[in-house]
Amino acid sequence: MNPYIRRIKELSKKMDPEILAEVEAGFVEKEYAKGSLLLQVGQICTSHFLVQSGVARKFYCHSNKEITTEIYFHDDVAISLDSYIMKKPSDVYLEALSPLKVMVIDYKRFQKVSEKYPEVMILDKMFIEYYAVWFEKKLKEFQTLDATTRYLAMLEKEPRIIQYLPVTIIASYLNISLETLSRIRSKITA
């Protein structure tokens, strides 16, 4: 489990049970079939989705090509943060890549509870910090690591990735061509 998510979970467990119950009352468990969209371009993202099981991705279309920017596994939070915070139409899709079970957390409900209890606002702040740290790390990796190293790091984080993701999505996520991905994979298995 990601250390930042672990800290958020530990802090939430220390919360007053009454507050925790009110927060959790706003969570709704949902299931999505493979290929379902949790969010479409043009929709305002009004929830974040805590992945319980399965795999999802965030992507956008550019020049008739799907560009995958994030892949979500257990304990990851799928969200269009720009749309969620700014309350503007999303320019990305969130898609289930396998059967997906999530806890859906509604923005308005979470905000009401946050305003009532400062402890909950701390959890929200920690989530935003976690996302910023993750994004900064990912940006650095894209700027400093070669394609093979990025591929190996991705496999280390989630070794089952090969089961769930078509090579087109893997290549898109790594920002490499299918041919480059094929060469990397053949070198690794050789």
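Begin by colouring the two domains: the domain assignment, whose bounds come from an automatic or database source, gives domain 1 as residues 2–143 and domain 2 as residues 145–190. Residues are numbered from 1 along each chain as its sequence is written. The model is predicted, so local features need pLDDT of at least 70 and side-chain atom pairs count only at pLDDT 80 or more, while totals for chains, interfaces and linings use all residues; side-chain values use heavy atoms, without hydrogens and water.

Next, display both domains together. Their centres, taken over C-alpha atoms, are separated by 24 Å. In domain 1, 18 residues are in contact (heavy atoms within 4.5 Å) with 12 residues of domain 2. The two domains bury about 1300 Å² between them, 67% of it on carbon and sulfur atoms; buried area is the accessible area (1.4 Å probe) that two parts lose on being put together, summed over both. Now select I71, F73 and F142, which supply 42% of the area that domain 1 buries against domain 2, more than any other three residues.

Then select helix 6 (residues 147–157) and helix 9 (residues 178–189). Helices are DSSP runs of H or I with at least four residues, numbered from the N terminus. The axes of helix 6 and helix 9 come within 10 Å and cross at roughly 70°; axes are lines fitted to C-alpha atoms over the stretch in contact, and angles run from 0 to 180 degrees between N-to-C directions. Helix 6 is therefore roughly perpendicular to helix 9, a term for angles of 65 to 115 degrees.

Finally, show side chains: A147, T148, Y151 and L152 in helix 6 meet T180, L181, I184, R185, K187 and I188 in helix 9.

How values were computed
Helices (H or I, at least four residues) and strands (E, at least two) are DSSP runs, numbered from the N terminus. Angles under 35 degrees count as roughly parallel, over 145 as roughly antiparallel, 65 to 115 as roughly perpendicular and the rest as oblique.
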